Amino acid sequence: MRALLNIVRGFLMGSADVVPGVSGGTVALVLGIYERLVHAIREGAGALGSFAKARFAEGWERLKGVEWSFLLPLLAGIVLAIVSLAALLENLLEDEPRNVAAAFFGLVLGSIPIAWRLVGRWDTTRYAVGAAVAVVFFLLLGLRTSEVTDPSAWMFFGAGAVAIVAMILPGISGSFILLMLGMYEAVIAAVNDRDVAVLALFGIAAVLSLAAFSTLLDRLLRTHHDTVMAALIGLMVGSLRVLWPWPDGTDTAVLGAPESPAMPMLVAAAGFLVVTAIGVWARQTEAL
């Protein structure tokens with residue numbers, strides 16, 4: 001039952017990671033497993049570091065300390081979601097961009113109160129950090145580049161290294177980072193075409209980058225928990241820019257006025273209610 005629960009958690013995270021503007025880290029935060037996930041990845045990163053230094057005995061010991069019963073089913077769920085939903089979400093983003101954006105706008109908006117409760121004590125510094133991060137990130141997400149045609153193998157490697165950092169941070173969408181780099185369509189096409197060589201290169205870069213970043217993030221969460229959480233909430237607030245449904249769910253250069261808002265608003269409200277329900281469910285299953 002625990003393995004099945006973690007597969008479901010991973011599937012929810014992977015579903016979010018496919019959509020530009022939504023982070024699997026946001027879903028992990030809502031599910032109450034974010035810090036547990038970062039710590040598990042950090043332990044795995046330590047093992048990789050030992051192997052890289054040819055300390056094989058130490059590496060094997062560190063591997064034994066990784067919470068594999070949690071991490072592997074979660075990873076399986078993420079991969080299952082990406083493989084099974086990539087084509088569907090690609091079509092939905094093309095055919096129903098407003099409603100897709102509205103659904104995830106509601107999801108992220110509903111995630112903010114849940115994350116807010118994870119800060120033990122708010123003070124002036126943490127309010128300032130959250131506000132500053134929200135403003136800076138909001139402005140940065142207005143930057144876009146044209147889609148890269150026929151990218152080289154090393155461009156996939158670089159995209160994997162950058163996007164994975166975004167995928168683990170609440171509020172930062174790895175898919176949107178790929179859009180900013182002009183690599184989103186190429187990566188989605190590689191997933192749909194089952195291009196093993198390209199996906200392997202992307203994956204290797206992601207693993208190496210994640211190992212380095214998770215170590216830093218785990219340390220910051222242990223030493224400056226509330227300030228880091230305030231910054232992550234700022235990232236989530238700023239990320240709402242890319243999910244504004246008008247005029248297009250993936251166009252962040254211009255934020256237009258609402259047009260025919262009834263259906264997108266209903267969809268956004270549904271997304272808000274769904275994530276609130278998931279948060280309640282997560283608190284009930286927190287011990288698993």
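Predicted model: local features only at pLDDT ≥ 70, side-chain atom pairs only at ≥ 80, totals over all residues.

## Helices H3 and H4

H3 and helix H4 (residues 56-64) pack with their axes 7 Å apart, at an angle of about 170 degrees. Angles over 145 degrees count as roughly antiparallel, so H3 is roughly antiparallel to H4. The crossing of H3 past H4 is left-handed.

On the H3 side, the residues that meet H4 are Gly46, Ala47, Ser50 and Phe51. Their partners in H4 are Phe56, Glu58, Gly59, Trp60, Arg62 and Leu63. By class, the contact of H3 with H4 holds five nonpolar, three polar and two charged residues.

## Helices H6 and H13

Helix H6 (residues 97-116) and helix H13 (residues 262-284) have axes that come within 7 Å and cross at roughly 40 degrees. H6 and H13 are therefore oblique to each other. Their crossing is right-handed.

H6 brings Arg98, Asn99, Ala102, Ala103, Gly106, Leu107, Leu109, Gly110, Ser111 and Ile114 to the contact. These meet Met263, Pro264, Val267, Ala268, Gly271, Phe272, Val275 and Gly279 in H13. The residues of this contact of H6 with H13 comprise 11 nonpolar, six polar and one charged.

## Helices H7 and H12

The axes of helix H7 (residues 124-140) and helix H12 (residues 225-239) cross at roughly 30 degrees and come within 7 Å. The crossing of H7 and H12 is right-handed.

Which residues make the contact? From H7 they are Arg126, Val129, Gly130, Val133, Ala134, Phe137 and Phe138. From H12 they are Asp226, Thr227, Ala230, Ala231, Gly234, Leu235, Val237, Gly238 and Ser239. The contact of H7 with H12 has nine nonpolar, five polar and two charged residues.

## The largest pocket

The largest pocket holds about 1,200 Å³ of space. Its lining is made up of 43 residues, and Leu75, Ile78, Val79, Ile164 and Ala206 lie nearest its centre. Sorted by class, the lining of the largest pocket has 35 nonpolar, six polar and two charged residues.

Which elements give two or more residues to this lining? They are helix H1 (2-18), helix H2 (24-30), helix H3 (34-52), helix H5 (68-95), helix H8 (153-168), helix H9 (174-181), helix H10 (184-192) and helix H11 (196-223). H5 gives the most, with nine residues. H3, which packs with H4, is among the elements that line the largest pocket.

Conventions:
Residues numbered from 1 in each chain as written. Heavy atoms only, no water. 1 Å grid on protein atoms, 1.4 Å probe; cavity = no way out; pocket = protein on both sides within 12 Å on 5 of 7 lines; lining within 4 Å. Points joined across faces, edges and corners; volume = space filled by probe spheres on them. Helix = DSSP H or I, 4+ residues; strand = E, 2+ residues; numbered from the N terminus. Nonpolar A, V, L, I, M, F, W, Y, C, P; charged D, E, K, R; others polar. Axes fitted to C-alpha atoms, helices over the stretch in contact; angles between N-to-C directions. Parallel < 35°, antiparallel > 145°, perpendicular 65-115°, else oblique. Left-handed = near helix turned anticlockwise from the far one by under 90°. Contact = heavy atoms within 4.5 Å.
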